[in-house]
Amino acid sequence: MQYLPLGQTGLTVSEVGFGGIPIIRLTSDDAQRVVRCAFDRGITFFDTANAYHDSEDKIGRTLGGLRDQVVLASKTMRRTSDEALAQLEQSLRMLRTDHLDLYQPHQVSQEADWEALTRPGGIADTLLAAKEQGKIRCLGVTSHSLDMALRLVESGLFGTIQFPFNFIETDAAERLHPAARQRGMGIIVMKPFAGGVIADADQAFRFLRQYPDAIPIPGLDSVAGVEQVTGFYEQPNQVNDADRAEWARVAAEVGSVFCRRCEYCQPCPNGVLITPAMGYPIIASRMSTDVAVNFARRAMETVPDCVACGECLPRCPYELAIPDILRRNYALYQEHCRQVAG
Ligand code: SF4
Ligand code: SF4
């Protein structure tokens with residue numbers, strides 16, 4: 001494992017970090033085992049968020065006694081200064097620390113987010129004041145919108161930008177990363193597996209390791225997963241034409257309109273299990289039809305409860321037409337059910 005400067009933030013991080021979403025589904029003991037394994041295998045950069053349920057607490061319980069050996073990052077989705085500050089204080093408590101190395105307004109994508117963040121006396125000013133008080137070492141930001149991410153970089157307010165990047169979503173390499181580098185910003189890569197769409201971790205990391213100053217933070221929920229990913233970094237990266245062809249093949253198969261399983265759209269007031277139902281075509285392409293139908297049944301049987309109210313739509317950072325996609329996926333599921341029935 002190598003340790004690299006995170007842009008010109010003054011922070012030094014392991015060349016791969018740890019994303020804190022998937023440990024939500026683990027017990028506290030299991031989560032602590034996974035986080036501890038990541039640390040023991042050389043990972044020093046841990047990214048979580050106030051919105052990730054008890055992820056901060058699990059990371060804090062594990063790393064509280066190792067504070068001076070790790071770089072801790074968290075995020076807030078709140079859009080008023082008072083609420084953002086309250087969440088910062090909560091993050092400090094949960095992570096058992098008196099300062100965060102990196103704090104990031106989270107999922108800044110819409111005009112209203114920009115306004116709340118950048119207006120005089122807005123969240124950026126408030127959090128920069130918290131930085132002056134020593135509660136934050138660096139103010140960063142995250143977005144899922146390329147145009148907004150470029151605007152955030154150009155604002156000069158932030159030390160890091162966190163944005164999706166993988167061999168299916170490559171836009172960042174052409175426009176965002178060069179702009180961030182030019183400003184000395186740290187580049188953090190979310191969704192290295194495209195939200196679970198990329199099944200082959202080896203291929204995912206062969207691609208990403210071509211960009212060593214863009215630090216991926218894969219979400220990991222098992223010791224085996226940690227060992228696999230850190231194992232990639234024990235050898236030099238080698239990319240050949242067959243890898244490039246495979247990336248192009250998968251990217252063409254998936255297209256640009258796909259669910260990244262971020263779960264921001266949930267909960268649905270009518271009980272539709274949106275995220276697993278959105279991913280049905282991917283599941284069906286990876287399993288035999290009878291296995292896929294049984295695997296997805298519980299989620300797919302909630303889809304008819306969708307009344308197309310649209311409540312989930314503004315919550316999806318990728319602006320997916322959720323009710324329409326759910327309807328199409330349900331039709332595919334029904335077709336598969338008929339095939340299985342015989
Ligand atoms: S559009 Fe459908 S899935 Fe979305 S919130 Fe409304 S009922 Fe739920
Ligand atoms: S539909 Fe959108 S918000 Fe919901 S999980 Fe998929 S990408 Fe995320």
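This is a predicted model: local features need pLDDT of at least 70, side-chain atom pairs count only at pLDDT 80 or more; totals for chains, interfaces and linings use all residues.

Student: What makes α9 "mostly covered"?

Tutor: A residue is called buried if its relative accessible area is under 20%. Six of the eight residues in α9 pass that test, so the helix counts as mostly covered. The buried ones are A201, Q203, A204, F205, F207 and L208.

Student: Which elements do those buried residues pack against?

Tutor: They pack against strands β9 (186-190) and β10 (214-216), plus helices α10 (223-232) and α11 (241-254). Packing here rests on contact, meaning heavy atoms within 4.5 Å.

Student: What goes on at the start of α9?

Tutor: There, a side-chain oxygen of D200 comes to within 3.0 Å of the backbone nitrogen of D202.

Student: Next, H106. Why is H106 called buried?

Tutor: Its relative accessibility is 2%, and the limit is under 20%, so H106 is buried. You'll find H106 in the loop between β6 (100-105) and α4 (111-118). Leaving out residues up to four places away in sequence, H106 touches A49, Y52, K75, T76, M77, R79, T142 and Y264.

Student: What makes the bond between Q266 and P267 a cis peptide bond?

Tutor: Look at omega: for the bond joining Q266 and P267 the angle is about 5°, and the bond is cis. P267 belongs to the loop between α11 and α12 (274-278).

Student: Now E15. Why does E15 count as buried?

Tutor: E15 has 11% relative accessibility, and buried means under 20%, so E15 qualifies. E15 is in the loop between β2 (12-14) and β3 (18-19).

Student: How do you know that the side chain of E15 makes a polar contact with Q2?

Tutor: The E15 side chain reaches the backbone nitrogen of Q2 at 2.7 Å, and the limit is 3.5 Å, so the pair counts. Setting aside residues up to four places away in sequence, E15 touches M1, Q2, L4, I215, P216 and Y233.

Student: Last topic, the ligands. Which residues come closest to ligand 1?

Tutor: Ligand 1 is surrounded by 13 residues, the closest being C268, C306, C309, G310 and C312. By class, this shell has 10 nonpolar, two polar and one charged residues. The space ligand 1 takes up is the largest cavity.

Student: What about ligand 2 and its cavity?

Tutor: Its space is the second largest cavity. Of the 13 residues around ligand 2, C259, C262, E263, C265 and C316 come nearest. That shell divides into nine nonpolar, one polar and three charged residues.

How values were computed:
Residues are numbered from 1 along each chain as its sequence is written. Chains are lettered from A and ligands numbered from 1 in the order in which they are written. Side-chain values use heavy atoms; hydrogens and water are left out. Buried means under 20% relative accessible area, exposed over 50%, partly exposed in between (1.4 Å probe, protein chains only). Helices (H or I, at least four residues) and strands (E, at least two) are DSSP runs, numbered from the N terminus. A polar contact is a pair of N or O atoms within 3.5 Å; within protein, one must be able to donate a hydrogen and the other to accept it, and residues adjacent in sequence count only if both atoms are side-chain atoms. A residue is near a molecule or strand if one of its heavy atoms lies within 4 Å of it. On a 1 Å grid over the protein atoms alone, a cavity is a set of points where a 1.4 Å probe fits but cannot get out, and a pocket is an open set with protein on both sides within 12 Å along at least five of seven lines; lining residues have an atom within 4 Å of a point. A molecule sits in a cavity or pocket if more than half of its atoms lie within 2 Å of its grid points. Ala, Val, Leu, Ile, Met, Phe, Trp, Tyr, Cys and Pro count as nonpolar, Asp, Glu, Lys and Arg as charged, and the others, Gly among them, as polar.
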